[in-house]
Amino acid sequence: MEIISAQNTRVKEWAGLQEKKHRDKTGKYIVEGIHLVQEALLAEAEVEILAYDLDKGMPSELRAHLQAVQGMEVIGVSAAVIAKCSSTNTPQPVFAVVRKERQGMEGILAKPDSLVVVLDGVQDPGNVGTIIRSADAAGADGVILGQGCADLYNPKTIRSTMGSMFHLPVVEGDLSVVLPQAREHGALLVSTSLTGEDSCYTHDFRGSQWLLIGSEGKGISTETAALVDKSIIIPMAGRAESLNAAMAATILLFEGMRQRGAGRL
């Protein structure tokens, strides 16, 4: 099948997925580019439509996956269609329409000795995506997005994950409910603070640990802070007052990975 006109009804529906209200209404989102589409296919995400630039042809990296995916519609489209559905100034030659996966909190809560990142009001989609990527790299067991966080399916968030959103559970939840449940399952709730009890390098990351990361400007909310079991500090030798959310989360995750003996040496 081919679609040439950018005014086609289906194209307008796909383009609408760049907006959160349409993603929420339809339960679908767009991933752009060969790498992200390939990651979605490898993860067996529910890809409904794979659209590729007719002038450039189907990317060779994706051809091997076409027969393995049941029910996926493959459509050749014009450059105008690609441009209309893209969120960047330099559109990628392929995009996919994917149905959101319904992930529950139960699997993360039940996992023993879990390392989980909890985001509280992290509004920058680039930071949210980067934290998900770091959590994946450090072997974390999941990422929880609390209220006020950037949308997981925001195009910038998706790009920043570099496909890691397909590698580990990323779940939205009400922290006032989820964090007490985590504690009941044996998790230690840890946040960062300039008045922390320990350095992140002397804190013991072994056992079940949920790492709370707050917004870029305000840190974690007062309500979330009241649930914290322990605050730790990231020591700094220079004159910077603080680190951004993604950098702070990455430091904690990789120190946790080091202490827990994970990773490839």
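**The largest pocket and its surroundings**

Reply: The lining of the largest pocket is made up of 11 nonpolar, 9 polar and 2 charged residues. This description rests on a predicted model. The volume of the largest pocket is about 480 Å³. Its lining consists of 22 residues, and those closest to the centre are Thr192, Ser193, Ser242, Leu243 and Ala248. Of the elements, strand 11 gives the most, with 3 residues.

The second largest pocket can be described in the same terms. It holds about 310 Å³ of space. Its lining has 13 residues, and Lys100, Glu101, Arg102, Gln103 and Tyr153 lie nearest the centre. By class, these lining residues are 5 nonpolar, 3 polar and 5 charged. Strand 8 (residues 170-172) supplies the largest share of the lining, with 3 residues.

What is the count of aromatic pairs? It comes to 2 aromatic pairs. In one of them, the ring centres of Trp14 and Phe95 lie 5.8 Å apart and the ring planes stand at 70°, so this pair is edge-to-face. An angle over 60 degrees is what places a pair in that class. Because Trp14 belongs to helix 1 and Phe95 to strand 5 (residues 94-99), the pair ties together parts that are 81 residues apart in sequence. Trp14 and Phe95 are both buried. In the pair formed by Tyr29 and Tyr153, the ring centres are 4.5 Å apart and the planes meet at 40°, so the arrangement is tilted. This pair also links distant parts of the chain, since Tyr29 lies in strand 2 (residues 28-32) and Tyr153 in the loop between strand 7 (142-145) and helix 8 (155-161), 124 residues apart. Tyr29 has a relative accessibility of 4% and therefore counts as buried. Tyr153, which is among the residues nearest the centre of the second largest pocket, is likewise buried, with a relative accessible area of 12%; the limit for that class is under 20%.

In helix 1 (residues 9-16), the buried residues include Val11, Trp14, Ala15 and Gly16. The N-terminal end of helix 1 is capped by Asn8, with a side-chain oxygen 2.8 Å from the backbone nitrogen of Arg10. Strand 5 contains Val97, a buried residue with a relative accessible area of 2%. Val97 is 133 residues from Lys230 along the chain, and their C-alpha atoms are separated by 42 Å.

Another separation concerns helix 9 (residues 175-184), which contains Pro180. The C-alpha atoms of Pro180 and Leu227 are 7.5 Å apart in space, although 47 residues separate them in sequence. At 24% relative accessibility, Pro180 counts as partly exposed.

How many disulfides does the structure hold? There are 0 disulfides. Cys85 is buried, at 1% relative accessible area, and Cys200 is buried as well, at 0%.

Most residues other than glycine have a negative phi. Against that background, Glu44 has a positive phi, near 60°. Glu44 sits in the loop between helix 3 (34-42) and strand 3 (47-53). Is Glu44 buried or exposed? Its relative accessible area is 71%, so Glu44 is exposed. Met162, also not a glycine, has a positive phi of about 55°. The loop between helix 8 and strand 8 holds Met162, and strand 8 is the element that gives the largest share of the lining of the second largest pocket. With a relative accessible area of 38%, Met162 is partly exposed.

Conventions. Residues numbered from 1 in each chain as written. Predicted model: local features only at pLDDT ≥ 70, side-chain atom pairs only at ≥ 80, totals over all residues. Heavy atoms only, no water. 1 Å grid on protein atoms, 1.4 Å probe; cavity = no way out; pocket = protein on both sides within 12 Å on 5 of 7 lines; lining within 4 Å. Points joined across faces, edges and corners; volume = space filled by probe spheres on them. Helix = DSSP H or I, 4+ residues; strand = E, 2+ residues; numbered from the N terminus. Nonpolar A, V, L, I, M, F, W, Y, C, P; charged D, E, K, R; others polar. Buried < 20%, exposed > 50% of the residue type's maximum accessible area, 1.4 Å probe, protein only. Polar contact = N/O pair within 3.5 Å; in protein donor to acceptor, adjacent residues only side chain to side chain. Disulfide = S-S within 2.5 Å. Phe/Tyr/Trp six-rings, centres within 6.5 Å; stacked < 30°, edge-to-face > 60°.
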